[in-house]
Amino acid sequence: MILASFLTVFFVFMVFYSAISVRRAIARYVIQAVYILAVFFVWNPNHTTIIANYFGIGRGLDFVLVIFSVAILNGTFFIITHLNAQHRSISRLARHIAIRDALQPASLDKVMGLKE
Amino acid sequence: MNESNVWVVIAAYNEEQVIGQTVSHVFEHVEKVIVVDDCSSDNTAMLALTAGAHVLSHPINLGQGGALQTGIQYALKQGAEYIVTFDADGQHTATEILPMLSALQKSQSGIALGSRFIGKTINLSTSRWWVLKLAIIFTRLTSGIKLTDVHNGFRIMSRDFCEKFEFKQNRMAHASEILNYISSHKIKYIEYPVTISYTEYSITKGQKSSNALRVLMELFLGHISK
């Protein structure tokens with residue numbers, strides 16, 4: 001009961017969080033639908049078995065675990081892709097700054113003058 | 001050979017002990033040198049500038065691959081026809097730059113890759129020899145490219161090659177990235193015998209045998225993360 005209540009509060013929070021954090025409308029609706037469905041399954045766990053049987057999986061819990069694993073892998077993949085893209089942007093920015101501020105040997109006197 | 005169109009790119013990170021000497025040795029053979037200071041905490045940049053190099057300084061540390069790409073991009077902007085990548089720690093021999101360039105030009109290839117195993121090694125440890133040989137097998141299996149040395153930073157690239165290729169891997173995996181590119185795009189290349197010297201300084205700096213295992217891991221990660 002306590003765990004079910006906690007999960008309900010968490011999933012409802014995620015429905016509202018998705019509303020403000022997910023830009024693309026279709027992705028937002030799908031994610032919100034998944035969380036609403038998750039609330040339903042928290043209070044009606046036997047229904048997961050009905051759905052699991054439809055997919056050829058014996059137990060509802062196994063079905064949920066499989067879906068959960070897929071969701072985690074997908075999420076991890078998107079995070080890595082996003083991090084790689086950010087990393088490339090940072091590299092390009094650092095490169096642009098280095099080239100823009102390049103020092104040529106003739107500027108040594110100027111640099112020494114600034115340091116003294 | 002118009003040597004004013006040849007630019008040497010040296011990526012450097014905390015190399016104040018040797019960078020002046022390295023740059024001076026290169027200047028005995030080539031007119032244009034670029035040192036890319038990869039956010040060093042010592043006087044690498046100033047000493048390189050004092051030695052006469054063009055100096056580019058990264059505001060954050062990117063890694064050797066990232067630093068080389070910065071230097072290559074700058075050299076292209078300066079009109080370079082040939083770009084040499086050369087290590088800062090003194091393991092490469094500057095006297096081999098022009099003969100290697102000559103061999104590249106005669107072969108009309110896009111890139112010349114230095115090889116210590118058809119050249120010479122000084123103070124190469126047995127463990128590192130084994131790791132480098134394993135790296136050759138790994139590269140042959142993954143890229144299909146047949147080389148005698150797959151982890152040598154001494155390269156000479158034509159302008160045409162540099163305009164089409166870009167190091168996207170910032171860290172050590174850039175070594176396998178360029179080989180994968182050569183193989184997948186069927187770029188004409190040559191291998192050239194070079195001398196690699198393992199000095200007390202370079203071993204202390206990072207060429208330990210244990211680091212060689214990290215190189216293998218980076219090669220593997222570089223291959224699967226592309």
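My entries follow, from the ground rules to the chain contact and then single residues.

**Ground rules.** I am working with a predicted model, where local features need pLDDT of at least 70, side-chain atom pairs count only at pLDDT 80 or more, and totals for chains, interfaces and linings use all residues. Residues are numbered from 1 along each chain as its sequence is written, chains are lettered from A and ligands numbered from 1 in the order in which they are written, and side-chain values use heavy atoms, with hydrogens and water left out.

**Chain B overall.** I found nine helices and seven strands in chain B; these are DSSP runs numbered from the N terminus, with helices being H or I of at least four residues and strands E of at least two. Of the 226 residues in chain B, 53% are buried (under 20% relative accessible area, with exposed over 50% and partly exposed in between; 1.4 Å probe, protein chains only). I also looked at contacts (heavy atoms within 4.5 Å): in chain B, 75% of those with a separation of 6 or more join residues 24 or more positions apart.

**Where A meets B.** How many residues does each chain bring to the contact? Chain A brings 16 residues and chain B brings 22 residues. The area buried between them is about 1600 Å², with carbon and sulfur atoms giving 69%; buried area is the accessible area (1.4 Å probe) that two parts lose on being put together, summed over both.

I counted six residue pairs in polar contact across this interface, both residues at pLDDT 80 or more. A polar contact is a pair of N or O atoms within 3.5 Å; within protein, one must be able to donate a hydrogen and the other to accept it, and residues adjacent in sequence count only if both atoms are side-chain atoms. On the chain A side, helix H4 (60–100) and helix H5 (108–115) each supply at least two residues. H4(A) gives the most, with eight residues. By class, I get 11 nonpolar, three polar and two charged residues on that side (Ala, Val, Leu, Ile, Met, Phe, Trp, Tyr, Cys and Pro count as nonpolar, Asp, Glu, Lys and Arg as charged, and the others, Gly among them, as polar).

Salt bridges between chain A and chain B number zero; the rule asks for a side-chain nitrogen of Lys or Arg within 4 Å of a carboxyl oxygen of Asp or Glu.

**B:Gln69.** I placed B:Gln69 in helix H3 (residues 64–77) of chain B. B:Gln69 counts as buried because its relative accessibility is 4%. Leaving aside neighbours within four places in sequence, B:Gln69 contacts A:Arg95, B:Phe165, B:Glu166 and B:Phe167.

**Salt bridges elsewhere.** The whole structure holds four salt bridges over all chains. Which side chain does B:Asp149 meet in a salt bridge? My note says B:Arg116, at 2.6 Å, N to O. B:Asp149 lies in the loop between helix H5 (126–143) and strand S6 (155–158) of chain B and B:Arg116 in strand S5 (residues 111–122), so the pair ties together parts 33 residues apart in sequence. Both B:Asp149 and B:Arg116 are buried.

I also noted B:Asp160 with B:Lys164, their closest N and O atoms 3.1 Å apart. B:Asp160 is partly exposed at 43%, and B:Lys164 is exposed at 58%.
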